[in-house]
Amino acid sequence: PLVMPGATSVRRPLLANLVVRKNTGAGPLDSSRKKSKADTTMVETSLDTYAVGIFNEMAAQFESNDALLREYEISMALQLGQQFDLDCITAADQTSNKIETAASGVFAWKDIIKMIATMDKNLVPRDNRVFVIPSELEAQFWDIDVIKQAAAYNSTILTNGKIIDFMEMKFFITGNAPKVSTKDAVRLIYGPGLAFILSHSGQIEETYDPTNIGKVYDMLAHGAAALDDDRFAVVMTLKA
């Protein structure tokens, strides 16, 4: 709803950190009393235009009665979704909270606790936190004793698909997570602190090409991902 037609960017409010007082009052304009307008920062995010396309030969249309085109349209939508995931992970990588695993080449339980503690120290709520585990470290993740015991005790951890609910947090295993400085990396993201803005998605444009006897199809989207504050993400790379 923040995206107006024709917008190239979106401005959204970032609320101030409130101050708790104990056994003391404060005047109307005391510095501890945040102003809903003056102390709210407006964050601006430029929107990107996404496009994924195919060339549909007329021969393919005639021979399959456009069944191939329908399948490719599904694939284009899935590919856009993967790009959105990648952009959200990449946005989290903009944080300055970058740490390393305790041991070289090993992702362990103590590393998970360290990432949680880093976010706790930044006073980030525990709800809606998501760990992003790259597929390169999936075997190590499942080999952590605490995770193995939890999976043995609660089999639904293994049957819920790619999202694992554990310790009031979600663990998301993906092959779509890029390396950070050539190293495998685990991310801990506070969901409400990472904005994903989607203005349009799935819009299809087509043009007939008489020279090559076929149609050009593009599936378009308009959006962007942005991390609102450093404290809303922690990135841990695998120590060399």
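Q: Which residue does Asp184 form a salt bridge with?
A: In this predicted model, Asp184 pairs with Lys179 in a salt bridge, and their closest N and O atoms are 2.5 Å apart.

Q: Is Asp184 buried or exposed?
A: Asp184 is buried, since its relative accessible area is 16%, and the cut-off for buried is under 20%.

Q: Which residues are linked in a network of salt bridges?
A: Asp120, Arg126 and Arg129 are linked in such a network. Within it, Asp120 forms a salt bridge with Arg126, where the closest N and O atoms are 2.8 Å apart.

Q: And how accessible are Asp120 and Arg126?
A: Asp120 is partly exposed, with a relative accessibility of 27%. Arg126 is also partly exposed, at 35%.

Q: Changing topic to helix H3: which residues does it cover, and how far does it reach?
A: Helix H3 covers residues 109–121, which makes 13 residues. From its first C-alpha to its last it reaches 18 Å, close to the 18 Å expected at 1.5 Å a residue.

Q: Which residues of H3 are buried?
A: The buried residues in H3 are Asp111, Ile112, Met115, Ile116, Thr118 and Met119. Seen down the axis of H3, the buried residues fall within an arc of 155°, so they line one face of the helix.

Q: Why would residues three or four places apart point the same way?
A: An α-helix has 3.6 residues a turn, so residues at that spacing point the same way.

Q: What is on the other side of H3?
A: Lys110 and Lys121 are exposed on the other side of H3.

Q: What covers the buried residues of H3?
A: The cover includes strand S4 (98–100), strand S5 (129–134), helix H4 (138–142), strand S7 (169–174), strand S8 (185–190) and strand S11 (233–237).

Q: What does Met115 touch?
A: Not counting residues up to four places away in sequence, Met115 touches Ile99, Phe131, Val186, Arg187, Leu188, Val234 and Met236.

Q: Where is Val234, and is it buried or exposed?
A: Val234 lies in strand S11. Val234 counts as buried, at 1% relative accessibility.

Q: What is Val234 in contact with?
A: Leaving aside neighbours within four places in sequence, Val234 is in contact with Thr95, Asn97, Ile99, Met115, Thr118, Met119, Val186, Arg187 and Leu188. Val234 and Glu100 are 134 residues apart in sequence, and their C-alpha atoms are 10 Å apart in space.

Q: Turning to the largest nonpolar core, which of its residues touch the most other members?
A: That core has 36 residues, and Phe107, Ile112, Met115, Phe131, Ile133, Phe141 and Phe171 touch the most other members. Helix H2 (67–92), H3, S5, helix H5 (145–153), strand S6 (163–166), S7, S8 and S11 each supply at least two residues of this core. There is also a second, separate core of 10 residues, which includes Tyr50, Val52, Phe84 and Ala221.

Q: Now the backbone: which residue with a positive phi follows H3?
A: Leu123 follows H3, and its positive phi is near 60°. Asn128, in the loop between H3 and S5, has a positive phi of about 65° although it is not a glycine.

Q: What about the phi of Asp66?
A: Asp66 is not a glycine, yet its phi is positive, at about 70°. Asp66 lies in the loop between helix H1 (58–64) and H2.

Q: How many helices and strands does the chain have?
A: The chain has 6 helices and 11 strands. Its radius of gyration is 23 Å, well over the 18 Å that the globule rule gives for 240 residues, so the chain is more spread out than a compact globule.

Q: What box do the C-alpha atoms fill?
A: Along the principal axes, the C-alpha atoms fill a box of roughly 80 × 50 × 35 Å.

Q: How much of the chain counts as buried?
A: Of its 240 residues, 36% count as buried. Among contacts with a separation of 6 or more, residues 24 or more positions apart account for 75%.

Note on methods. Residues are numbered from 1 along each chain as its sequence is written. This is a predicted model: local features need pLDDT of at least 70, side-chain atom pairs count only at pLDDT 80 or more; totals for chains, interfaces and linings use all residues. Side-chain values use heavy atoms; hydrogens and water are left out. A salt bridge is a side-chain nitrogen of Lys or Arg within 4 Å of a carboxyl oxygen of Asp or Glu. Buried means under 20% relative accessible area, exposed over 50%, partly exposed in between (1.4 Å probe, protein chains only). Helices (H or I, at least four residues) and strands (E, at least two) are DSSP runs, numbered from the N terminus. The expected span of a helix is 1.5 Å times one less than its number of residues. The arc is that of the directions from the helix axis to the C-beta atoms. Contact means heavy atoms within 4.5 Å. A nonpolar core is a set of buried Ala, Val, Leu, Ile, Met, Phe, Trp, Tyr and Cys residues joined through side-chain atoms within 4.5 Å. The radius of gyration is taken over C-alpha atoms; the globule rule is 2.2 Å times the number of residues to the power 0.38.
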